[in-house]
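Take a guided walk through this structure.

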Amino acid sequence: MGQAPAPMDEHPERRPLDGRHIALGVCGSIAAFKAADLCSKLRQAGAEVEVVMTPAATQFVTPLTFQSLSGRDVVVDMFTAAEPEAHVEVARRADALVIAPATADCLANLAHGQTPDMVTLTALATAAPVLVAPAMDNQMWEHAATQSNVAALRERGIIFAGPVSGRLASGRAGAGRMAEVPAIVGALRAMLGSHDGDLRGRHVVVSAGGTNEPIDPVRYVGNHSTGKMGFAIAEAARDRGARVTIVTGPVALETPAGIERVDVKTVAEMLAALEVATSRSDAVIMAAAPADFRPDVPAGQKIKKQPGQERLALELVLNPDIIATLPGGGVRVGFAAETENLAEYARRKLTSKRLHFIVANDVTAAGSGFGTETNEVVILHDDGRVEELPLQSKYAVGHAILDRVAARLG
Ligand code: CTP
């Protein structure tokens with residue numbers, strides 16, 4: 001057995017923030033230290049980051065920190081900035097403005113179009129979408145004045161990431177903590193997608209993970225599916241601006257920002273959830289591994305070993321085929337997990353499940369299958385076309401699938 005190949009999600013075409021120009025506004029809150037990490041993560045993701053700070057923010061983190069992390073000048077005072085008209089220029093270059101942390105004072109200024117500092121000046125001068133990650137004490141967040149400002153900003157299309165509940169700088173617990181960096185990055189990707197992605201306005205439904213079919217209250221029949229493929233497709237669809245619903249079996253994955261998640265356990269529950277989700281969807285991508293069979297009648301109580309018992313026979317009955325049962329859903333995409341005769345078995349499923357195309361993979365091949373970060377797939381279309389894709393990250397496979405969905409949606 002050779003070593004699994006390295007994930008290829010560094011592929012430039014498949015990095016959603018690659019080459020994006022992000023203006024990062026930092027306000028005066030203790031959470032400003034997390035903005036340094038955010039700046040670094042955005043750069044690592046391929047974005048150009050230009051930082052503007054309020055004077056209060058410089059009390060918490062120095063401009064030099066952000067200058068080092070972003071590789072660019074940091075503007076605090078427009079009158080001393082190296083670039084003339086810095087506020088207009090930063091605002092004009094930005095594909096998005098992220099204000100993290102955004103204080104109560106900053107939200108009030110944004111709501112009223114007031115511009116006492118470079119952060120609010122940039123916000124007023126930009127035509128780019130704006131994401132704010134508030135950070136403040138819970139009393140300040142819950143105050144009617146703040147809530148009214150938040151409502152006004154939401155109404156105006158400003159996107160909010162957080163705040164989340166947890167321990168606050170005051171030592172109290174409550175809503176007011178700045179969202180964590182991955183959540184802010186996810187919200188930014190979703191915002192950029194809905195601004196200019198090719199799937200904006202579309203609803204994409206993805207299923208993920210395996211199902212657990214109960215044997216008794218403590219045991220189930222399941223499989224090795226981790227849900228990674230489905231979640232990667234969902235993230236890619238979100239990054240292209242789609243509204244995304246993921247219907248997932250029990251998996252150990254966090255819900256990516258901006259994705260609606262429906263948790264199910266059994267095939268019956270997954271079918272019911274997908275019937276609702278796909279009633280008006282533009283595409284359904286069936287990446288889940290639903291159990292083909294379930295215990296006929298789950299025991300009401302835990303099954304106990306009897307003295308001398310050597311065997312236990314479980315009677316399984318066939319589950320409904322979810323995708324074959326769903327009447328529509330838009331562009332219908334299935335998967336075929338095979339261990340032999342890949343193309344032949346996949347083509348049979350393409351027809352019997354009324355799919356537009358099917359994504360087939362050999363789950364025993366190196367780098368493919370359960371729990372891996374990568375996948376090597378063959379796509380078989382209903383018009384007979386067959387496409388062999390290289391081994392790539394599951395996220396890149398997600399985009400390859402969505403390229404074909406987008407082409408069919410026209
Ligand atoms: N699928 C489904 N409902 C099921 C079983 C499978 O909707 N009860 C979907 C899967 O999500 C996948 C496709 O059907 O998109 C093919 O799944 P796969 O497990 O490869 O094949 P099966 O149809 O289960 O056939 P077999 O087990 O005989 O290979």
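**Rings, a helix and a ligand**

This is a predicted model. Begin with the aromatic rings. Across the whole structure, a search turns up zero aromatic pairs. R154 sits over the face of F160. The distance to the ring centre is 4.7 Å.

Now turn to helix α4, which spans residues 104-112. Which of its residues are buried? They are A104, C106, L107, N109, L110 and A111. In general, an α-helix has 3.6 residues a turn, so residues three or four places apart point the same way.

What covers the buried residues of α4? The cover includes three strands: β3 (96-102), β4 (130-134) and β5 (159-160). It also includes the helices α5 (118-125), α6 (138-142) and α7 (144-155). After α4 comes G113. The phi of G113 is positive, near 65°.

The last stop is the ligand. There are 14 residues around the ligand. Those that come nearest are M286, A288, D292, K349 and K353.

Next, look at the backbone. For I323, a backbone N or O atom lies 2.9 Å from an oxygen atom of the ligand. A337 also places a backbone N or O atom by a ligand oxygen atom, at 3.1 Å. On its own, the ligand has 570 Å² of accessible area, and the protein covers 77% of that.

How values were computed. Residues numbered from 1 in each chain as written. Predicted model: local features only at pLDDT ≥ 70, side-chain atom pairs only at ≥ 80, totals over all residues. Heavy atoms only, no water. Phe/Tyr/Trp six-rings, centres within 6.5 Å; stacked < 30°, edge-to-face > 60°. Lys NZ or Arg CZ within 6 Å of the ring centre and 35° of its normal. Buried < 20%, exposed > 50% of the residue type's maximum accessible area, 1.4 Å probe, protein only. Helix = DSSP H or I, 4+ residues; strand = E, 2+ residues; numbered from the N terminus. Contact = heavy atoms within 4.5 Å. Near = heavy atom within 4 Å. Polar contact = N/O pair within 3.5 Å; in protein donor to acceptor, adjacent residues only side chain to side chain. Areas by Shrake-Rupley, 256 points an atom, 1.4 Å probe, with all protein chains shown as cover.
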